[in-house]
Amino acid sequence: MKPVIGFIGVGVMGTGMCRNLAQKSGCTVLAADLDMDHVRTLSEVGVVASSVAEIAEKAHTVFLSLPAIQHVEAVCTGDGGLLQHAQALKTIVDMSTSDVERTRQLAQQLHASGIEWIDAPVARSREAANNGTLLITVGGSEAQFRRVQPLLACMGSDVLHCGPTGAGQVVKIMNNMVLLNTVHTLAQAFAIAERAGVSKDLLAHALGLGSADSFALKLTGAHYLAKDVFPEKMFSAAYALKDLKLALALSQTVALPNDLSELTARQLQKCVDAGFQDHYYPVMYRVIAARTEE
């Protein structure tokens, strides 16, 4: 019989990740989501629609891809959660972007009940999730990393051991902090250039040829900022704000000011307040461009 693993949270990123696990791992994958239609779309690659309780009873390793730490805590230790039904379950791998201190506290709580915890948040785009080319930053012991690395390699082309529990989250949060602050600067640049009479298309091209070129520009420049197009069902302003608040919380924990991220967080909050919470987060441009002198 094939080994059984679980996957909880089949959303924008989780769908591709779960599909790649089912196709490459050699395991039977049981999956659950609040919208089970998302799970059923993966039946063609052998993913089996399940429940949190059944996953805890049958799967030795369970992967989580959830919006925030409160959802992770609820699935792990809440009423009807994994801990309550754990039988086969030995290891939980959290691939969400989660609060560092609460991650470490949850890991201790689960360890006391005989369940190992590994944090393994993912970076890059939905396309990377679909293609199995994510960056995965892992927090856990060397032995834990070696044990789950073959499964993580089904979903990511770069699987990096960052240190003990919580270290994967630290690296992921810093990655997103740098990206969000960079895109904030790009949004400002596009708004200023347009108001000064230079087209956004020209600016996107020029920045890509110069020293301002970056992954952030390639990701957001010509197709989104230059076109003033910010779709829903991508990495939204609300999710971006959540991740930046994680960076600010971590800054407080280590007692270092983070003024730049505070500015970007305020800009993202303005986007949410303006009704753009579900739009792709470079929508910061619209709020900046609409601003008049105060």
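Ala, Val, Leu, Ile, Met, Phe, Trp, Tyr, Cys and Pro count here as nonpolar, Asp, Glu, Lys and Arg as charged, and the others, Gly among them, as polar. The structure described below is a predicted model.

**The second largest pocket**

By that grouping, the lining of the second largest pocket divides into six nonpolar, two polar and five charged residues. The lining has 13 residues, and Q188, V287, I288, A289 and R291 lie nearest the centre of the pocket. The space inside this pocket is about 270 Å³. Three helices, α9 (167–195), α13 (259–273) and α14 (284–289), each supply at least two residues of the lining. Helix α9 gives the largest share, five residues.

The largest nonpolar core has 39 residues, and F190, L268 and Y281 have the most contacts inside it. Two or more residues of this core come from each of α9, α10 (200–209), α11 (215–225), α12 (237–253), α13 and α14. Here too the largest share comes from α9, with ten residues. Leaving out residues up to four places away in sequence, Y281 touches L179, L180, V183, L219, T220, F235, S236, A237, A240 and L268. There is also a second, separate core of 32 residues, and L21, M95, A120 and V148 are among them.

After α1 comes G26, which has a positive phi, near 75°.

S25 is placed in the loop between α1 (14–24) and β2 (28–32). Is S25 buried or exposed? S25 counts as buried because its relative accessibility is 19%, and the cut-off for buried is under 20%. A polar atom of the S25 side chain lies 2.6 Å from the backbone oxygen of L21. The side chain of S25 also reaches the backbone nitrogen of C27, at 3.1 Å. Not counting residues up to four places away in sequence, S25 touches I5, N20, L151 and C154.

L134 is in strand β8 (residues 134–139). With a relative accessible area of 0%, L134 is buried. Ten residues separate L134 and R124 along the chain, while their C-alpha atoms are 5.7 Å apart. Beyond neighbours up to four places away in sequence, the residues that L134 touches include M13, M17, V122, A123, R124 and D158.

Q144 belongs to helix α8 (residues 142–152). Its relative accessible area is 10%, so Q144 is buried. Which residue's side chain makes a polar contact with the side chain of Q144? The partner is E116, at 2.9 Å. Leaving aside neighbours within four places in sequence, Q144 is in contact with E116, W117 and I118.

| Residue | Relative accessible area |
|---|---|
| S25 | 19% |
| L134 | 0% |
| Q144 | 10% |

Methods
Residues are numbered from 1 along each chain as its sequence is written. This is a predicted model: local features need pLDDT of at least 70, side-chain atom pairs count only at pLDDT 80 or more; totals for chains, interfaces and linings use all residues. Side-chain values use heavy atoms; hydrogens and water are left out. Helices (H or I, at least four residues) and strands (E, at least two) are DSSP runs, numbered from the N terminus. Buried means under 20% relative accessible area, exposed over 50%, partly exposed in between (1.4 Å probe, protein chains only). A polar contact is a pair of N or O atoms within 3.5 Å; within protein, one must be able to donate a hydrogen and the other to accept it, and residues adjacent in sequence count only if both atoms are side-chain atoms. Contact means heavy atoms within 4.5 Å. On a 1 Å grid over the protein atoms alone, a cavity is a set of points where a 1.4 Å probe fits but cannot get out, and a pocket is an open set with protein on both sides within 12 Å along at least five of seven lines; lining residues have an atom within 4 Å of a point. Grid points are joined across faces, edges and corners, and a volume is the space filled by probe spheres set on the points. A nonpolar core is a set of buried Ala, Val, Leu, Ile, Met, Phe, Trp, Tyr and Cys residues joined through side-chain atoms within 4.5 Å.
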